[in-house]
Amino acid sequence: MAEGQMKQRGKQAQSGAGKRQTFPSARVLHACFVRTLLVGAGFNTRGMQNIGLANAMDPGLRALYGGGEPLRQARRRYVGHYNTHPFWTPLLVGVFLGVEVKISRGLLAPEAFDSLRGTTIYALSAIGDSFFGGSVLVLWSLVTFLLWAAGYGWLAVIVGVVCFAALQAFKAYTFLEGFRQGLQFVPTLKRWDLINWGQRVKVCNAALVVLVWGLAWPEPFLWYEWLAAVLALGGLAGVVFTAGLSREVILALLVAGYLGYPWLERLVAGLFT
C-alpha cells in the first residue's frame, strides 16, 4: 500500500510536466539564492520569516511542479512558522530544494520531510545566534569602530567591504552545498565546531572592548576611575542577569543619566549656594 501511495505521488508530481522549466538550472538556482537575501523583508509576528522563505523557494517549486495541485501542496509546506538566523537561510533553501527534487520524483514522502524540517531549522538558529549574532558581527563592529576612532577610516571601509564579500561567498557556498548534499551537509557543520569558535571570538571581543574604552575615555587617564567603571558595569551586568531586567531599559536609563548629569550637578550646586 505504501508503494502504491508513493507511485500516486509521483504521478501527481508529473501532472504539470508541460509547464515545468529545466531543474536544476543556473537561472532557477540563482533566482532562489538572490531571494534568500530578502528573507527578512516580509517579517511578521505570526510566521516570522515564512513569507521570505516561501518567496525564496517559489522559483524552484515552479520549475519542479509546474502548476496545479502539486505546486499548491509544495507551497503549503513553506508557509508555516519559520525563524532562524538569516545567514543560514541560503543553506536551508538549498537543502529544501534538494529534498523537493526527491519528493517530486516520488522518492521521499512529504511527511518524512516535515519531521526533519523543524529540527534542522531550530538547531541552526541556535548556532547562528551564538556564532554570527553574538560573536562575529560584534567583532566586525568593534574592529570598525577602533579603526575609525584611530583615524583609519579608509581601512575600516576596506574591512567592511571584504567582510561583506566574504559573507556573500559563505552564503553562496552553503546554498550550493546544501542543494548538492542535502541534510548530509549537517555533519560538515558539526566538524566546523562553530559553537566553540564563537566562544573564542567572544574572548577576543572582550579584549577589543577594553581598547574601545581606552580610545573613548576622556583625559586624563586615572586607573582608579577605570577600576570603578569596571566594577560598576560588572555589578550592573550581574544584577541584570540575575533579576531578569530588560537590558534596553537599563541602557536607556544609563544614557539618560549621562546626558542629564550636568543639569543635575548644577541643580544640586544651586541648592547649597
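Salt bridges and burial in a predicted model

Glu 100 and Arg 77 form a salt bridge in which the closest N and O atoms are 2.8 Å apart. This pair links distant parts of the chain, with Glu 100 in helix H5 (residues 89-104) and Arg 77 in the loop between helix H4 (68-76) and H5, 23 residues apart. This is a predicted model, in which local features need pLDDT of at least 70 and side-chain atom pairs count only at pLDDT 80 or more, while totals for chains, interfaces and linings use all residues. Residues are numbered from 1 along each chain as its sequence is written, and side-chain values use heavy atoms, with hydrogens and water left out.

Q: Why is the contact between Arg 62 and Asp 58 called a salt bridge?
A: The term requires a side-chain nitrogen of Lys or Arg within 4 Å of a carboxyl oxygen of Asp or Glu; the N to O distance here is 2.8 Å, so the contact between Arg 62 and Asp 58 counts as a salt bridge.

Q: Why is Asp 58 called buried?
A: Buried means under 20% relative accessible area, exposed over 50%, and partly exposed in between (1.4 Å probe, protein chains only); Asp 58 has 14% relative accessibility, and therefore counts as buried.

Q: Why is Arg 180 called exposed, and why is Glu 177 called buried?
A: Arg 180 has a relative accessible area of 60%, so the residue is exposed, whereas Glu 177, at 13%, is therefore buried.

Technical notes:
Helices (H or I, at least four residues) and strands (E, at least two) are DSSP runs, numbered from the N terminus.
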